[in-house]
Amino acid sequence: MANIRKKFKDGNLDGYQKKKYVAKIIFTYILGYKVDVGHMEAVNLISSSRYSEKQIGYLAVTLLMHENSDFLRLVVNSIRKDLDENNEVNNCLALHAIANVGSSEMAEALSEDVHRLLISPTSQTFVKKKAALTLLRLYRKHPEVIPAAEWALRLVSIMDDPDLGVVLCVTTLVMALAQDHLDAFAVCYTKAVDRLYRLVIQHEYSATYAYYKVPSPWLQVKLLRLLQYYPPTEDPALRNALTEVLQTVMSNSAEPSRNVQHNNAQHAILFEAIGLAIHLDTNSPLVDTAAVLPRSLHLFQGNKPRADSLEPLKKHQGTIILSLRDKDISVRRRALDLLYSMCDIDNSELIVGELLRYLKIADYQLREEMVLKIAILTEKYASSYKWYVDTILQLISAAGDHVGEEVWYRVVQIVTNTEDLQEYAARVVLEHLKTPVAHESLVKVGGYILGEYGHLIANEPGYSPIEQFQVLHSTSQFCAAPTRSLLLSTYIKWVNVFPEIKPQLVNVFERYRHVLDAELQQRACEFFALACRPDDDEVLQNVCEEMPPFPPRVSGLMSQLNRKIGDTEDKRTWIHGGKELNLDRQLTTHQTIKNKDPSSNTSVKPTSAPADADNMMDSLAGLDLSAASHPPEAEAVSRLTIGPGVDKWFNKLTYTAEGVLYEDVQIQIGVKSRFHGSPRTDRHLLRKQDLCPSHIIHVYRQCQRPERTLRHVCQNPPKCACCAHSKPTNLAGRVQKGVYFAAYFDSVLLGGSPPNDLDTTACYDHQVL
């Protein structure tokens, strides 16, 4: 690397040598070593007319430079030049660089050129495909720089291109843009139906795009999903054509083939076809036909909003449950989604029980999602509170580490707010804690419930105070510090309600007073002080009062599930959670799209918030926030900080490198500066600024060579504004005194003796300074 750096420094390298050395730098970078040389040479190689040199230059720019690199500004013009050429190879190299780097500046400067390449009738097929995918990349990273609504008609028109590869890339781009601009891309609905009809019915495709005798399955999947973004069409011709396409897709999947790849492609298309059939009409014969197709039960989307669309599947509930043990994980995942969506008040106990049994042997990738779904179904369709408590405690015991904090938080909220459930919950949770191995989440639930409601069962055999303490305390040795902190809070509550076990509890507090963990130690000390107070003291009773009911709140489990599942780049038509959430989401989406329409000049009224109150962005959807971004000028003026010490702070900051910016009884904000400069910079600074001798002392402290600075100041006395001396008459003497004081102060701090007296000429002597 040192040799390469030397070669670059010497210069006089031809294009071949630059390419050779930059290639070595790229190889070194790929091996994992840091590279800090060769960036400028890579930029120069991009401008070369030879393909081999230009290729290495683009490769180096792509690998060695991040999107915020200053060198990228130097290559924008070269990339634009390559995009404008009629050379397809150079076009592709430039498109690769734009897609890989994708910086904001590059997107703003070159998006128009990429769009021009895509819509140009003279562009080659592979250039159009790369241009479409490059625009997709730029839109996903910087959607604000892509004028999607303006380009809609030209982009959708390319969906009629005779090359299916171009159609596939453009359809992917249209799907991404249509999700945020439904009205502008509405014309794509007709194009998608027409292309599907030509593919499936008329078989208009070349043999190149037949995958195991299935015509372009990826394009079919994307077109079927794109149609689900829009409401069902009212055009009879389009409706009939779409119905014929769906019937043909389902008939082709009626008899599975022995070829696994053919089955996979056919099932992928069938999956989206069933989803579109349900989207068009849940009561149509197509849905009933799909329900009885072999191997198609698991292909139904488990997140459809209407329960009546899944009625035909309830007859096959046993088959779907057996699919949980299929060897294909995609089948198992789809069966889980389908059972979650099929669950209602009638079959909730059966489905939840099956899911609990399957949870013990389920894949680790599915367990966290299964825990959330079981908890949601248990709370949503609980026939009784006792069944809810039993099921959730079984879930916590079986799932272990896969149980999130939000699950046991919700259990505590429901038990606290339901008085009839508290005694039963205390009894059941104590029985679960008696098992040989109790998970930490179960210990947390038990610690809270027994601390609050353990006294309700204290008089029953087997649930005495000492037995409760022994069971709960025996589990604490395997718990983390936060759980032990919760158990200490349980013990202090028991001190108040169970005086017969007070000595054992005080002993625990005494032991924890000496642990290293600060939180545990502080709690133990405070609780020990409370426990040692007299019995008639009311402080302990007031501190240990029973927790009041929690305020009504929406369960956070649903929002947690939605965050866990998340939307892919191709957004799904529906979300998990049932009909109500999806209807609210539809209304919010349409209202938001309407508000984003630039042609609308009417004021926007706030819409009702969705059912999921924990989703902050959804709750703000539909509000006109544009006015808030332009505050009045009167409010835009920032308030000055006013306080009793402002003048003192300011005066100190004028001549010292550190000081106070703001201070009150709660907070102090300070600043500390360090300055490094060369003699040339110091002279330039003193020439441009008005400095007094106190400032010169500061410069003496900070500069690398203060003797030049001081000599220059004495020879060219500046105007001192802050000290009100326009032309100091004895500037050299004042500088000498300042330097003497600074040197004296430094020597005293370092433990040395004060310097000898300095005269006026000594302050210019390099040796003295």
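Which residue lies over the face of Tyr424, and at what distance from the ring centre? The note below takes up this point after a word on the model.

1. Basis of the note. This is a predicted model, in which local features need pLDDT of at least 70 and side-chain atom pairs count only at pLDDT 80 or more, while totals for chains, interfaces and linings use all residues. Residues are numbered from 1 along each chain as its sequence is written, and side-chain values use heavy atoms, with hydrogens and water left out.

2. Charges over rings. Lys386 lies over the face of Tyr424, at 5.3 Å from the ring centre. Arg513 is likewise placed over the face of Phe528, at 4.4 Å from the ring centre. A charge sits over a ring if NZ of Lys or CZ of Arg is within 6 Å of the ring centre and within 35 degrees of the ring normal.

3. Aromatic pairs. A search of the whole structure finds eight aromatic pairs. One of them joins Tyr189 and Tyr230 in an edge-to-face arrangement, 6.3 Å centre to centre with 85° between the planes. Tyr189 lies in helix 11 (residues 188-200) and Tyr230 in the loop between helix 12 (217-227) and helix 13 (236-252), so the pair ties together parts that are 41 residues apart in sequence. Rings of Phe, Tyr and Trp (its six-membered ring) pair if their centres lie within 6.5 Å; planes under 30 degrees apart count as stacked, over 60 as edge-to-face and the rest as tilted. Helices (H or I, at least four residues) and strands (E, at least two) are DSSP runs, numbered from the N terminus. Both Tyr189 and Tyr230 are buried, where buried means under 20% relative accessible area, exposed over 50%, and partly exposed in between (1.4 Å probe, protein chains only). Elsewhere, Phe469, Tyr491, Trp494 and Phe498 form one aromatic cluster.

4. Helix 12 and its surroundings. Helix 12 is mostly covered, with ten of its eleven residues buried. The buried residues include Pro217, Leu219, Lys222 and Arg225. The buried residues of this helix pack against helix 10 (164-178), helix 11, strand 1 (210-211), strand 2 (214-215), helix 13 and helix 14 (260-280); contact means heavy atoms within 4.5 Å.

5. Arg225 forms a salt bridge with Glu272, the closest N and O atoms being 2.6 Å apart. The pair links distant parts of the chain, with Arg225 in helix 12 and Glu272 in helix 14, 47 residues apart. Arg225 is buried, with a relative accessible area of 15%, and Glu272 counts as buried at 1% relative accessibility. A salt bridge is a side-chain nitrogen of Lys or Arg within 4 Å of a carboxyl oxygen of Asp or Glu.

6. Other salt bridges. The whole structure holds 21 salt bridges. In one of them, Asp82 is joined to Lys54, the closest N and O atoms being 3.2 Å apart. This pair links distant parts of the chain, Asp82 being in helix 5 (residues 72-84) and Lys54 in helix 4, 28 residues apart. Both Asp82 and Lys54 are buried. Asp113 forms a salt bridge with Arg80, with 3.7 Å between the closest N and O atoms; Asp113 is in helix 7 (residues 104-119) and Arg80 in helix 5, 33 residues apart. Asp113 is buried, with a relative accessible area of 11%, whereas Arg80 is partly exposed at 26%.

7. A nonpolar surface patch. Tyr29, Ile30, Leu59 and Leu63 make a nonpolar surface patch of about 350 Å². Helix 2 (15-30) and helix 4 (51-64) are the elements that give two or more residues to the patch. Tyr29, in helix 2, is partly exposed, with a relative accessible area of 36%. Patches are made of residues with over 30% relative accessible area and no salt bridge: like charges are joined within 9 Å, nonpolar side chains (Val, Leu, Ile, Met, Phe, Trp, Tyr) within 5 Å. Accessible areas come from the Shrake-Rupley method with a 1.4 Å probe; for residues, only the protein chains shown count as cover.

8. Backbone angles. Phi of His203 is near 55°, a positive value in a residue other than glycine, and His203 is found in the loop between helix 11 and strand 1. Phi of Tyr212 is near 50°, also positive; Tyr212 lies in the loop between strand 1 and strand 2.
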